[in-house]
Amino acid sequence: RLYRLLMIVVFAGIVCLSSCDVEDSADVNQDRIYSVYELFYNSNTDKTWVIARFRFGGPTGTLLELNDPASVSFNGDELPYNPVFLGHYKEFAGMLKSGEFRYTNVDGASFTNSVSSGATISFPAGLESISKSNAFNLEWEGTSLVEDEVVGLFVGSWTWGQDAAFLQTNEGATGLVLGTTQLDNLPDGQSTLFMDRSIIKTVTQGTSEGGIVRNVYRAENINVDFVE
């Protein structure tokens, strides 16, 4: 089940990059609207982004904007549409651990979904360099993964195309193995590590297309030297 949810997230991201056409939700069959509700806390900025995205026909369908009488709110605060985020968005100070989304479509039907509280995560103290010649076991600081949780690590450099991504989905895992194939793609020198921990659930209330509810915690980024 978690693998299926991850594929939904990945494909939805690809479509966001490749097709940004947005339609009014009033122009489509209301029972074929797929929803994604997300809390994204970034410990680098101490802000939480609250985002609700809607698509016609499923996770890779056309993006939709809700206009009156349709609306979506989080803990009673209405979320306006933001074209930069390709969805309905609002920013909050500090970390919001949980909350409730309420979506009402143009027919007056309402759907309420709560966000599961997520766990925190951080990089191990003292991590300053990694050799690209051998696989590296990165043990994060935080609890082991539980059902429906995933940790993603992205290593970004200043050189276009020389980066690496890693994913851990195993329940009970406490770290990621950075294999030599991905490490070899990185340039020598300093790169920035980004690490997200997410808990992803299917909606409890939704249309026949369904949707997901996601709570993401981004660890404080670190810079690491990659050497041969």
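Biologist: What share of the chain's 228 residues counts as buried?
Modeller: In this predicted model, 46% of the 228 residues count as buried.

Biologist: And where's the largest nonpolar core, I mean, which elements give two or more residues to it?
Modeller: That core has 24 residues, and L153 and M195 touch the most other members. The elements giving two or more residues are strand 13 (149–156), strand 14 (164–168), strand 15 (175–178), strand 16 (189–202) and strand 18 (222–227). Strand 13 gives the most, with three residues.

Biologist: Nice. What does M195 touch, leaving out residues up to four places away in sequence?
Modeller: Quite a list: I121, S122, F123, W140, V151, G152, L153, L176, Y217, R218 and A219. Apart from this core lies another, of 20 residues, and L39, A70, F101 and Y103 are among them.

Biologist: Zooming out, how many helices and strands are there?
Modeller: Two helices and 18 strands. The radius of gyration is 19 Å, close to the 17 Å from the globule rule for 228 residues, so the chain is as compact as a globular protein of that length.

Biologist: What does the C-alpha trace span along its principal axes?
Modeller: About 60 × 30 × 30 Å.

Biologist: Switching to contacts: of those between residues at least 6 apart in sequence, how many join residues at least 24 apart?
Modeller: That comes to 68%.

Notes. Residues numbered from 1 in each chain as written. Predicted model: local features only at pLDDT ≥ 70, side-chain atom pairs only at ≥ 80, totals over all residues. Heavy atoms only, no water. Core = buried A, V, L, I, M, F, W, Y, C linked by side-chain atoms within 4.5 Å. Buried < 20%, exposed > 50% of the residue type's maximum accessible area, 1.4 Å probe, protein only. Helix = DSSP H or I, 4+ residues; strand = E, 2+ residues; numbered from the N terminus. Contact = heavy atoms within 4.5 Å. Rg over C-alpha atoms; globule rule 2.2 N^0.38 Å.
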